[in-house]
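Have the structure open while you read.

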Amino acid sequence: MTSSLIDLAVYSMIFYLFGVIPSISKAIGFISGSIFGYLVNRRWTFRSTSSVKSNIVQYVILYLTSLTLNVGINSAVLFLLGKGHFYSVLVAFVIATGAAALTNFLGLKFIVFRKSK
């Protein structure tokens with residue numbers, strides 16, 4: 001949840017304050033939230049005891065996949081709704097973030113931070 005709020009804050013700030021195109025703004029917001037998410041998920045959510053080196057490559061691959069999904073869905077929804085209103089940006093953000101969050105959770109649980117047998 002906090003990662004998504006960081007994503008939204010950075011995305012909105014870059015898009016509205018600096019006028020950067022939505023895809024770039026969304027990517028920067030997503031990456032900001034992802035860095036925070038790695039630290040929190042590794043330590044608290046999944047209580048991983050593996051070294052950072054052992055799962056960082058898997059994490060990066062998962063999050064690059066999620067980033068592509070997130071930015072693609074965000075762009076598609078903005079294309080359909082138009083990007084002139086804040087509600088359009090918010091709806092696009094929620095749909096894209098929901099899809100990416102589900103993908104991330106499943107990937108983190110079953111691939112990156114899976115428990116050893």
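This is a predicted model: local features need pLDDT of at least 70, side-chain atom pairs count only at pLDDT 80 or more; totals for chains, interfaces and linings use all residues.

Residues are numbered from 1 along each chain as its sequence is written, and side-chain values use heavy atoms, with hydrogens and water left out.

**How the helices pack**

First, some terms. Helices here are DSSP runs (H or I, at least four residues), numbered from the N terminus. Axes are lines fitted to C-alpha atoms over the stretch in contact, and angles run from 0 to 180 degrees between N-to-C directions.

| Helix pair | Angle | Axis separation |
|---|---|---|
| α1 and α2 | about 150° | 7 Å |
| α2 and α4 | roughly 35° | within 13 Å |
| α1 and α4 | about 145° | 12 Å |

Let's start with α1 (residues 2-18) and α2 (residues 22-45).

By class, the contact of α1 with α2 has nine nonpolar, seven polar and two charged residues. For that tally, Ala, Val, Leu, Ile, Met, Phe, Trp, Tyr, Cys and Pro count as nonpolar, Asp, Glu, Lys and Arg as charged, and the others, Gly among them, as polar.

Helix α4 (residues 86-112) has a contact with α2 too. That crossing is right-handed, and it brings Lys26, Phe30 and Asn41 of α2 to Phe93, Thr97, Ala100, Asn104 and Leu108 of α4. The residues here split into four nonpolar, three polar and one charged.

Finally, α1 passes α4 in a right-handed crossing. Ser4, Asp7, Leu8, Tyr11, Phe15 and Tyr16 come from α1, and they meet Phe86, Val89, Leu90, Phe93 and Thr97 of α4. This contact has eight nonpolar, two polar and one charged residues.

**The aromatic rings**

How many aromatic pairs does a search of the whole structure find? The search turns up eight. Rings of Phe, Tyr and Trp (its six-membered ring) pair if their centres lie within 6.5 Å; planes under 30 degrees apart count as stacked, over 60 as edge-to-face and the rest as tilted.

One of the pairs is Phe15 with Tyr16, which is edge-to-face at 4.8 Å centre to centre and 70° between the planes. Phe15 is buried, at 14% relative accessible area, while Tyr16 is partly exposed at 41% (buried means under 20%, exposed over 50%, and partly exposed in between, with a 1.4 Å probe and protein chains only).

Then there's Phe30 with Tyr63: the ring centres are 6.0 Å apart and the planes are at 35°, so this pair is tilted. Phe30 sits in α2 and Tyr63 in α3, so the pair ties together parts that are 33 residues apart in sequence. Phe30 is buried at 6%, and Tyr63 is buried at 11%.

Some rings also gather: Tyr11, Phe15, Tyr16, Phe86 and Phe93 form one aromatic cluster.

The contacts below leave out neighbours up to four places away in sequence.

Tyr16, in α1, touches His85, Phe86 and Val89. Its C-alpha is 14 Å from that of Ile28, 12 residues along the chain.

Val10, also in α1, is buried at 17% relative accessibility. Val10 is in contact with Ile28, Gly29 and Ser32; its C-alpha lies 7.5 Å from that of Ser32, 22 residues apart in sequence.

Asn70 touches Asp7, Lys26, Phe30, Ala96, Thr97 and Ala100.

Notes
Helices (H or I, at least four residues) and strands (E, at least two) are DSSP runs, numbered from the N terminus. Contact means heavy atoms within 4.5 Å. A crossing is left-handed if the near helix is turned anticlockwise from the far one by less than a right angle, and right-handed if clockwise.
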